[in-house]
Amino acid sequence: MTGTQSSTMPSGEFPVVRNALTTFTDSLVAVGAALVAVRDWSFLFGPGLAVANALLLGTLMYRSRLVPRAIPLMGLVGPLLLASNTATMFGVNEQVSLLSLVALPGIFFWELSLGIYLVVKGFRPSPLTDGPDVGGSAPADLRTLAR
């Protein structure tokens, strides 16, 4: 290789390297945008799963009557917040919307009142929480347990 060839060869490769770097940069921008979208959806979907938990726990507390019935009723508005988060994910409404405004106080007061009630008073007495009968006698009527 002569001096002229070695000096012109790298200058011919620079456009190729520049094109490769441009393509690489474009792909990094696309991957970055995808990761930001996943984070945004996770930010909306994660609390939605907590709302599903509130719905299940609220239903259990309502049916078992271990706490006053007004407390679990506040947790049963959870599907409104889940619907609001899902609508936000698909661009139907904004994150701060009327649906969120209606659902958030219910979930907030549900969690607050359930925690305070259980710390202060605990569960109400119930045949379900009495435990097994050690004497070996079965309850006369199982329907009383289902109420």
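1. **Ground rules.** This is a predicted model, in which local features need pLDDT of at least 70, side-chain atom pairs count only at pLDDT 80 or more, and totals for chains, interfaces and linings use all residues. Residues are numbered from 1 along each chain as its sequence is written, and side-chain values use heavy atoms, with hydrogens and water left out. Helices (H or I, at least four residues) and strands (E, at least two) are DSSP runs, numbered from the N terminus.

2. Arg65 has a phi near 55 degrees, a positive value in a residue other than glycine. Its relative accessible area is 45%, so Arg65 is partly exposed; buried means under 20%, exposed over 50%, and partly exposed in between, with a 1.4 Å probe and protein chains only.

3. **A charge and a ring.** The charged end of Arg69 sits over the ring of Tyr62, 4.0 Å from the ring's centre. The rule here asks for NZ of Lys or CZ of Arg within 6 Å of the ring centre and within 35 degrees of the ring normal.

4. **Helix α3.** Have a look at α3, whose 12 residues reach 17 Å from first C-alpha to last, close to the 16 Å expected at 1.5 Å a residue. The expected span is 1.5 Å times one less than the number of residues. Gly78, Leu81, Ser84, Asn85, Ala87, Thr88 and Met89 are the buried residues of α3. Just after this helix, Gly91 takes a positive phi of about 80 degrees.

5. **Thr88.** This residue of α3 (residues 78-89) is buried because its relative accessible area is 15%. The side chains of Thr88 and Asn93 are joined by a polar contact of 3.1 Å. A polar contact is a pair of N or O atoms within 3.5 Å; within protein, one must be able to donate a hydrogen and the other to accept it, and residues adjacent in sequence count only if both atoms are side-chain atoms. Neighbours within four places in sequence aside, Thr88 is in contact (heavy atoms within 4.5 Å) with Leu44, Asn93, Glu94 and Gln95.

6. **Helix α4.** The 23 residues of α4 should span 33 Å at 1.5 Å a residue, and the end C-alpha atoms are 34 Å apart, which agrees. Gly122 follows α4 and has a positive phi, near 80 degrees.

7. **The largest nonpolar core.** Such a core is a set of buried Ala, Val, Leu, Ile, Met, Phe, Trp, Tyr and Cys residues joined through side-chain atoms within 4.5 Å. The largest has 12 residues in all, including Val51, Ile71, Ile107 and Trp110. α1 and α4 are the elements that give two or more residues to this core, and α4 gives the most, with five.

8. **Ile107.** Ile107 is in α4 (residues 98-120), and at 9% relative accessible area it counts as buried. Ile107 and Leu55 are 52 residues apart in sequence and 9.6 Å apart in space, C-alpha to C-alpha. Setting aside neighbours within four places in sequence, the contacts of Ile107 include Ala54, Met74 and Leu81.

9. **One aromatic pair.** Rings of Phe, Tyr and Trp (its six-membered ring) pair if their centres lie within 6.5 Å; planes under 30 degrees apart count as stacked, over 60 as edge-to-face and the rest as tilted. The count comes to one aromatic pair. The rings of Phe108 and Phe109 have centres 5.0 Å apart and planes at 70 degrees, so this pair is edge-to-face. Phe108 is partly exposed at 48% relative accessibility, and Phe109 is partly exposed at 43%.
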